[in-house]
Amino acid sequence: MISYWAILSARFRSLLQYRSAALAGLITQVVWGLIRVMIFQAFYRSTNAEQPMSGSDVETYIWLGQAFLAALPWNIDTDLRALIRSGWIGYELVRPVDLYWYWLSRALSWRTAPMLMRAVPLLVFAFVLMGMSPPVSVGAGLAFAVSMCAAIVLSSAITTFLNVTMLWTITGDGITQMTFGLVLIFSGMLVPLPLYPDWSQPIINAMPFRGLVDTPYRLYLGHIPLSEFAGVLAHQLVWILTFVVAGRIAMARALRRVVVQGG
Amino acid sequence: MPQIVVEDLVKRFRISERDAGMWGAVRGLVRRRYQTVTALDGVSFSIEPGELVGYVGPNGAGKSTTVKVMSGILVPDSGRCEILGRVPWRSRNEHVGELGVVFGQRTQLWWDLPVIESFDLLRDIYRIPRGEYIANRDEFISILDIGGLLDVPVRQLSLGQRMRCDLAAALLHSPALLFLDEPTIGMDAVSKLAFREFIKRFNEERGTTVILTTHDMDDIEAICDRVMIISDGKILSDGTLDDLRRQVTLERRLVVDLDGDELPVVHPEAVVSSRNGHRVNIRFDPERVSATELISHVTSHNRVRDIFVENLPIEEVIAQIYRDQRG
């Protein structure tokens with residue numbers, strides 16, 4: 001356990017060096033946030049019909065999304081890709097650690113370090129200047145915190161799965177873009193999930209992606225009541241488990257091939 | 001009891017090939033042709049604890065494949081490999097805990113982190129007891145003279161500096177075995193000497209078994225008691241450097257610097273192989289004429305300024321072995 005924690009924290013520290021990337025990301029995310037807020041304001045002004053989510057809730061939902069954007073499984077680990085392309089990946093096996101947990105630890109820091117560097121200033125900006133609202137209650141805030149952690153673990157498990165597929169595809173670009181398309185649409189990142197048509201809700205609810213965005217944000221807003229907290233958390237945990245198991249199986253198969261066929 | 005036993009290892013790779021050009025690329029989509037390459041063709045050897053073994057061979061001979069099998073990274077098609085009583089690829093985690101590896105072509109340190117943080121990380125990964133870690137770390141820092149580099153991120157180190165840090169990193173957990181894969185590649189002369197010095201000393205003090213693959217024969221000459229030569233997946237020769245020399249040729253060289261321009265008078269059993277100004281290279285077989293006899297003959301018949309006897313350079317010995325096997 002201590003090995004994996006050490007890997008996670010070392011990777012975290014090295015990722016914190018990328019300050020200019022964080023600054024650039026921060027500016028982009030603020031601008032995108034403003035654009036998205038204006039689009040939804042126009043949309044809400046153009047209709048008098050009752051919407052499944054209030055205008056101010058949608059704005060808070062958007063700012064949360066902009067703040068935690070980098071926690072989504074939107075790219076693969078470039079260092080791992082370099083290792084795989086060069087064939088050095090075999091030598092990762094000379095460490096006395098389980099390669100899957102090692103990669104998952106890397107993914108956890110890969111998903112948290114850049115996200116934290118952007119989230120803190122962006123949230124300050126949104127609270128102070130954009131009138132973003134705090135969690136609806138202390139309970140909602142705590143539920144959000146727990147669910148957000150689960151969202152990051154889920155995102156890391158998906159990222160690790162994508163990293164493992166590189167052992168076959170070498171580049172991993174295709175599957176990553178495809179996955180990110182699904183993530184954008186079905187997590188709530190593009191449009192908050194409650195605004196999708198009623199018939200689509202059961203399908204969207206069954207998919208893993210809402211656990212990345214929609215679940216924690218709606219807990220924050222109180223849009224998912226605390227009484228449903230256990231259920232939505234279980235949904236996230238089941239999907240985490242699914243991706244971990246699938247990732248481990250895929251990795252074991254890929255390694256058997258690497259080990260048999262050579263680096 | 002030997003620490004490493006390798007018996008009759010065989011490893012074949014299937015590589016896909018494709019005809020050149022557009023048509024070849026299209027045809028490759030439909031039907032792949034494969035070629036089988038035999039990387040290891042019945043390799044056997046055994047190594048006792050504390051040996052310093054050089055493992056040499058031309059590019060593509062099977063050196064790295066052997067090292068990968070012994071590291072537990074690669075599973076052979078057939079044959080036996082037991083290291084410290086374990087089969088490397090079956091109990092990989094336990095096995096690699098006893099192993100230190102240094103690859104000249106690639107660092108094992110974390111690129112973005114200061115050196116000392118990589119060391120701390122390795123302490124946690126190998127679960128090195130605190131006392132042992134501190135003792136090893138401080139010893140290597142002083143011997144390898146890397147105290148000033150500890151806070152520098154690895155990516156900013158020069159090659160020589162990086163290799164010294166890599167070496168320390170590979171040994172922090174006091175491995176029983178050390179694999180060095182072309183460790184001195186690209187190093188300057190001073191770094192090479194320091195590196196060899198360290199390896200020899202470490203081997204003597206700790207009794208760590210060292211297996212060194214390299215193309216630099218000076219590494220072998222300076223460090224290794226024993227040399228194994230592999231070519232086309234077969235071990236061609238296994239023994240001391242002197243054995244190797246004797247296997248190839250008994251011939252030695254006498255280099256003479258003359259004090260004039262007259263033609264040298266040479267012993268009937270020796271041959272002048274080349275002449276360059278005042279310097280004359282003479283080849284002789286010590287079984288037919290001893291070095292002392294030849295030298296006294298040369299000095300009594302010529303005006304000689306300087307004289308010395310040379311062995312055939314190890315580089316040429318090994319090249320000769322490669323050629324014999326090909327021919």
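Visitor: In β8(B), which residue is the bridge partner of V53(B)?
Guide: Let's look at this predicted model together. Strand β3 of chain B, residues 52-56, pairs with β8(B) in the parallel sense over four bridges. Within β8(B), the bridge partner of V53(B) is R226(B).

Visitor: How many residues of β8(B) are buried?
Guide: In a regular strand, side chains alternate between the two faces of the sheet. Here R226(B), M228(B) and I230(B) point one way, while V227(B), I229(B) and S231(B) point the other way, and all are buried. For this strand, residues 226-231, the count of buried residues is six of six.

Visitor: Which helix supplies the largest share of the side of chain A that touches chain B?
Guide: Nice one! Across the interface of chain A and chain B there are nine residue pairs in polar contact. On chain A's side, α1 (2-15), α5 (99-129) and α10 (229-261) each supply at least two residues. The largest share, seven residues, comes from α1(A).

Visitor: Which residue of chain A meets E117(B) in a salt bridge?
Guide: Two salt bridges are found across the interface of chain A and chain B. In one with an N to O distance of 2.3 Å, the side chain of E117(B) meets that of R13(A).

Conventions. Residues numbered from 1 in each chain as written. Chains lettered and ligands numbered in written order. Predicted model: local features only at pLDDT ≥ 70, side-chain atom pairs only at ≥ 80, totals over all residues. Heavy atoms only, no water. Salt bridge = Lys/Arg side-chain N within 4 Å of Asp/Glu carboxyl O. Polar contact = N/O pair within 3.5 Å; in protein donor to acceptor, adjacent residues only side chain to side chain. Buried < 20%, exposed > 50% of the residue type's maximum accessible area, 1.4 Å probe, protein only. Pairing = 2+ DSSP bridges.
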